[in-house]
Amino acid sequence: MSTATEAEEESTWEQVLRKMLPAGAPLPDEDHLDYSIAVEYQGPPVPYQVPRVDPLNLDSLSIRSSSLVSVADDTDVSVPVAAPITASKISKFSRFRNGTANVLVKESTSSVPQIEKAVNGENEEEGESAQVVNGRKGEENEGKRVNVVKFNTPRDSETEDDGYSSTQSSAAADALRPTSAVRKGSRKRGVCSRCGKKNRLKEREACLVCDARYCSNCMLKAMGSMPEGRKCVSCIGHPIDELKRSSLGKCSRILSKVCSPLEVRQIMRAEKECAANQLRPEQLIVNGRSLRQEELAEVLGCPIPPQNLKPGKYWYDKDSGLWGKEGEKPDRIISSKLNVGGKLRSDASNGNTKVYINGREITKVELRVLKLAKVQCPRDTHFWVYDDGSYEEEGQNKIKGKIWGKASTRFICSLFSLPVLHGNPFVPKEDPTTFSGKSVPKYWEQGGVQKLLLLGLEGSGTSTIFKQAKFLYGNKFTPEELQNIKVMIQSNMYKYLSMLVEGRERFEEEALMEKTTTPVNAEESASEFEGNQQCIYSINQRSKHFSDWLLDIMATGDLDAFFPAATREYAPIVDEVWKDPAIQETYKRREELHLADVAKYFLDQAVEISSNEYEPSEKDILYAEGVTKSNGLAFMEFSFDDRSPMSEIYNEESECLPPLDKYQLIRINSKGLHDGCKWLEMFEDVRAVIFCVALSDYDQTWAYGSGPSCNKMLASRDIFESLMRHPCFLDTPFVLLLNKYDAFEDKINQVPLSTCEWFKEFCPVRTHNNNQTLAHQAYYYVAVKFKELYSSITGRKLFVWQARARERTSVDEAFKYIREVLKWDEEKDDDMYGITGDDSFYSTEMSSSPYMGPE
Ligand SMILES: Nc1nc2c(ncn2[C@@H]2O[C@H](COP(=O)(O)OP(=O)(O)OP(=O)(O)O)[C@@H](O)[C@H]2O)c(=O)[nH]1
Ligand SMILES: [Mg+2]
């Protein structure tokens, strides 16, 4: 039962309060004391009488104060419940304030009018009134109040702020709060569960247990010192809502605004590590049996534990280490030989293939991968698979091979989202057949498909090239891919806008700072002050609210959950904000914000893009940043069908023509490169690595995640270097695509190439008759720098090609060049001498270039 204490004397209330608060919670000072807390008191008996209040008879409760209750969205319960007291308005002597206008309103379901309401309304820090609550019997505590609608009537707040006349004890309100924390119902975005203020544009911090949402004003008051992370004080000790498990320990923007970084760190740590928030063993059922505490400990403590473990039913094959959700294909490989759960059942993953691994009937996908990996598995085969991936048929006592041994199998697995053994000592690196022994070209064994690996730093143009290849060589985008691209474009648009509004905020601050620190003369600056501190980066309230809201959403990483469902709704305001002169001014400084120039292309079409009927045009597809929604791995197969029809007519034995060369283009985005290049091991059998560099990056800065920033060209160079040193590619030819030549041409006359420290010795030749433009010279210089680096490390020749990926013909030429490189690479093994004299044709030979500065 909750106890509520009303203490007369200062020393006494302080004492009592301290005991009520969670250990370590700061005691609010008297002026700001507006806690309304209900916690179960578990301390020693107190030496004085605790005032008791009988539970209220809800039906007879008449409240003069500001709140009434509606149960608008609740069908089964309809008990009026006592009001939310705007806690910040209650004095420590716990009197209700004077009620004013009370209005009952249903929560509107459309959010557009709410935006209007909120953005036109006053700031949430100011007083408000007229709150209506959807409450429910027995769950009315701070955390449980939902759907509070407020009216932005400034008059009300004025009258409200003075005088508290009700003498009703706050204990009455406290008594209504249950002690148990139960999550209930849906909560409306933007309504603070404590003060009831509503603003859809403000982010709220949610309690991990009951999902009560608090505004930044109320958060600390409702959550205290957060000894178990973000939980209402009354929810401390209770297990978290499992839906929120993935957000444990992930700081929100609002929290980082309210607390210092050190506090945030402590809170996040407590949230992750405190006992109450841990998985309980009975929540995990493995092979049909819930775990015991020591089994859970074993699972979590083993060298390769299942990650992001959530409550649920799993199967585990302790011989191979395979682990998956009950009824599903394997999800990962964890440590083997753990003694946990029941016995693995044959139907554990609901397979119907009549092929068994360690007694489990495998799923169709697994069977497919086994077949692709050339493992013989007719029906009723029983395999025994060990934790190093080696396998044998049951009863035969003869190891047949290693399932994940071949790179190609690992690649297939990754395509089918099946787990593979990673970074384990058993990957047979020493096995010559899995490495590209060039004497028998590897691709012959794989049906003649030659893999081309396309990579580059973020924004270098790899996805543009990939998409161009798709347009060029005939692979149509499927409806599903198109849908993904559409969603990608829509969410990118919000990303661009949020970068702009964030930049605007910064520029505005800077501009105003400058204004105040450099007054032209006293009079002017005074009048400027009165002019409400405006500058070219200032925007109106409405846009400002939208911007704040957008930034909050972006900060919580919620974007995908929120869009594109809301895209249509917000299209007009997106368009309005984008066209705002302040944002346009900000866009002019986009380079400082690392904002791609396609931002304009897409934001100009905000309304069309947001529409349901929107279908990305070819140009949209091409200009969009990324290939897939997750923008991870993408691949396509193609061949160049450019044999002239004439030659076939002439060739009487046209059937004897060699089949067209088939290629598989695999594009990895730059993230895959940063994660310790671990992806790359799957691609050891590629025929060529195509590394893409944006020439125009030479004056850009860039940072790995939140790390220190550096020149982007240097970052590209470093990645390139780590690739050529990678053991998988020791024998693989590299093609360097120097992309964005168009942007480079535009830039080079304004920004000297020597801006990049690696190119500081570039000294262009300035003769009148020189028909080579500066861009041309600069391009050659860059190419030579890369070539020198490459040959100094590998002792081989680097192939370089220039590209403008937005132009389709340029990409076509690039691929034709790559084809020549492959041919040359093949022939060089056959004929070491015949070709070497001729190789300058394939590469940009310019070691004697006049543009090289003195070394
Ligand atoms: N001006 C110009 N822009 C280009 C060129 N190639 C690509 N872009 C643009 O540069 C931006 C980034 O290109 P992407 O193809 O997405 O780059 P990426 O390598 O896939 O980068 P991530 O997806 O971020 O890993 C896009 O807006 C492209 O339209 C080019 O040759 N010239
Ligand atoms: Mg991209």
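**The surroundings of ligand 1**

Modeller: In this predicted model, the shell around ligand 1 consists of four nonpolar, 10 polar and seven charged residues. Altogether 21 residues surround the ligand, and the closest are Gly459, Thr462, Ser463, Thr464 and Arg667. Helix α12, residues 462–472, supplies the largest share of this shell, with three residues.

Thr462, already listed among the closest residues, has a polar side-chain atom 2.8 Å from an oxygen atom of ligand 1. For Lys740, a polar side-chain atom lies 3.0 Å from an oxygen atom of the ligand. Arg806 likewise has a polar side-chain atom 3.0 Å from a ligand oxygen atom. As for cover, ligand 1 taken alone exposes 640 Å², and the protein buries 94% of that.

Now the helix pair. The axes of α13 (residues 479–517) and α15 (residues 541–556) come within 9 Å and cross at roughly 115°. The crossing of α13 past α15 is left-handed. On the α13 side, the contact is made by Tyr494, Lys495, Leu497, Ser498, Val501, Glu502, Arg504 and Glu505. Helix α15 contributes Lys544, Phe546, Ser547, Asp548, Leu550, Leu551 and Met554. Sorted by class, this contact comprises seven nonpolar, two polar and six charged residues.

Conventions:
Residues are numbered from 1 along each chain as its sequence is written. Chains are lettered from A and ligands numbered from 1 in the order in which they are written. This is a predicted model: local features need pLDDT of at least 70, side-chain atom pairs count only at pLDDT 80 or more; totals for chains, interfaces and linings use all residues. Side-chain values use heavy atoms; hydrogens and water are left out. Axes are lines fitted to C-alpha atoms, for helices over the stretch in contact, and angles run from 0 to 180 degrees between N-to-C directions. Helices (H or I, at least four residues) and strands (E, at least two) are DSSP runs, numbered from the N terminus. A crossing is left-handed if the near helix is turned anticlockwise from the far one by less than a right angle, and right-handed if clockwise. Contact means heavy atoms within 4.5 Å. Ala, Val, Leu, Ile, Met, Phe, Trp, Tyr, Cys and Pro count as nonpolar, Asp, Glu, Lys and Arg as charged, and the others, Gly among them, as polar. A residue is near a molecule or strand if one of its heavy atoms lies within 4 Å of it. A polar contact is a pair of N or O atoms within 3.5 Å; within protein, one must be able to donate a hydrogen and the other to accept it, and residues adjacent in sequence count only if both atoms are side-chain atoms. Accessible areas come from the Shrake-Rupley method with a 1.4 Å probe; for residues, only the protein chains shown count as cover.
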